[in-house]
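Work through the following exercises with the sequence and the model side by side.

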Amino acid sequence: MKSGKIHIGTSGWHYKEWRGAYYPSALKQSQWLSYYANDFKTTEINNSFYRLPTQQVVEQWAARVPEDFLFSPKFSRYLTQFKKLNDPEEPFERFFSVFEPMKEKLGVVLLQLPPNLGFQEAKVRRVFELIEHQYTEYRFAIEVRHDSWICEEAFKLMEDYGIAFTISQSGVGWPYMERITANDVYVRLHGPKELFASPYSDAQLRSYARKFIEWASMGHTVWVYFNNDMYLDAVFNAKTLLSFIANESA
């Protein structure tokens with residue numbers, strides 16, 4: 001397995017609950033990202049889903065991490081939640097104008113869909129066509145939360161346009177399937193029992209470690225983000241998974 005084919009981190013780093021438990025109490029919030037980057041080489045940008053940052057903030061983030069650190073930002077919910085993927089052109093233009101300063105540090109851009117948005121081929125194809133014609137320099141994953149997406153028509157569309165289907169594990173019944181549709185394999189781990197607030201066992205993490213190593217050996221780039229961040233489980237689980245992968249790969 002080539003080094004760097006498996007990227008592991010947490011879904012964001014800016015959680016007040018982590019102060020004292022992970023971040024030293026005296027550490028300024030502006031230094032949290034640099035501290036996080038000592039342990040991990042990637043993170044999702046969770047806040048961009050709720051509100052786009054400014055270009056200045058994006059530039060500051062990029063400056064606070066090592067050269068090989070990668071960010072996977074969540075696309076604005078304005079398109080995915082409110083507009084339900086309709087009329088994607090302006091939201092795409094606005095999103096990427098903000099993230100242009102960290103273009104070289106971007107991993108995968110995540111489109112997180114709401115549970116009430118079912119698969120509609122024409123609507124999805126319009127988004128994928130936009131990506132193919134104007135945003136080919138970026139990588140994309142789509143996280144679905146409606147069962148209608150678990151069908152060959154949806155998977156074929158993702159495969160045709162090179163969009164990664166997000167393997168999304170949670171304890172609340174969101175669709176789960178280990179299906180690979182692109183070179184990138186994108187995995188989000190939300191907590192096996194209570195959403196955002198339950199840890200994965202060592203046995204579960206070892207099982208995932210073996211899968212991730214296998215997918216990487218097949219030539220895929222694997223991105224894994226722990227979103228069970230309420231009680232610091234995300235940090236502990238991510239560190240454990242990194243150690244398991246290191247041991248399995250040795």
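**Exercise 1. A salt bridge across the sequence**

Is E152 buried, partly exposed or exposed, and what is its relative accessible area?

Before the solution, note that this is a predicted model, in which local features need pLDDT of at least 70 and side-chain atom pairs count only at pLDDT 80 or more, while totals for chains, interfaces and linings use all residues. Residues are numbered from 1 along each chain as its sequence is written, and side-chain values use heavy atoms, with hydrogens and water left out.

Step 1. Buried means under 20% relative accessible area, exposed means over 50%, and partly exposed lies in between, with a 1.4 Å probe and protein chains only. E152 has a relative accessible area of 48%, so this residue is partly exposed.

Step 2. A salt bridge requires a side-chain nitrogen of Lys or Arg within 4 Å of a carboxyl oxygen of Asp or Glu. E152 forms one with R179, and their closest N and O atoms are 3.0 Å apart.

Step 3. Helices (H or I, at least four residues) and strands (E, at least two) are DSSP runs, numbered from the N terminus. Because E152 belongs to helix α6 and R179 to the loop between β6 and β7, the pair ties together parts that are 27 residues apart in sequence.

**Exercise 2. Salt bridges within a helix**

Step 1. Because they are four residues apart in helix α6, about one helical turn separates them.

Step 2. K156 is partly exposed at 45% relative accessible area, and D160 is likewise partly exposed at 43%.

Step 3. For the whole structure, the search finds 16 salt bridges, and E44, E143, R145 and R188 are linked in a network of them.

**Exercise 3. A buried lysine**

Step 1. K105 is found in the loop between α4 (89-99) and β4 (109-112).

Step 2. The K105 side chain reaches the backbone oxygen of E67 at 3.1 Å.

**Exercise 4. The surroundings of S168**

Describe where S168 lies and which side chains it makes polar contacts with.

Step 1. S168 is part of strand β6 (residues 164-169), and it is buried because its relative accessible area is 1%.

Step 2. Its side chain makes a polar contact with the side chain of E143 at 2.6 Å, and another, of 3.1 Å, joins the side chains of S168 and H190.

Step 3. Contact means heavy atoms within 4.5 Å. Not counting residues up to four places away in sequence, S168 touches E143, W174, P175, Y176, R188 and H190.

**Exercise 5. Two aromatic pairs**

How are the rings of F75 and F92 placed relative to each other?

Step 1. Rings of Phe, Tyr and Trp (its six-membered ring) pair if their centres lie within 6.5 Å; planes under 30 degrees apart count as stacked, over 60 as edge-to-face and the rest as tilted. The structure holds 32 such aromatic pairs.

Step 2. The centres of the F75 and F92 rings are 4.6 Å apart and their planes are at 40°, so this pair is tilted. Both F75 and F92 are buried.

Step 3. For F119 and W149, the ring centres are 5.1 Å apart and the planes at 65°, so this pair is edge-to-face.

Key:
Polar contact = N/O pair within 3.5 Å; in protein donor to acceptor, adjacent residues only side chain to side chain.
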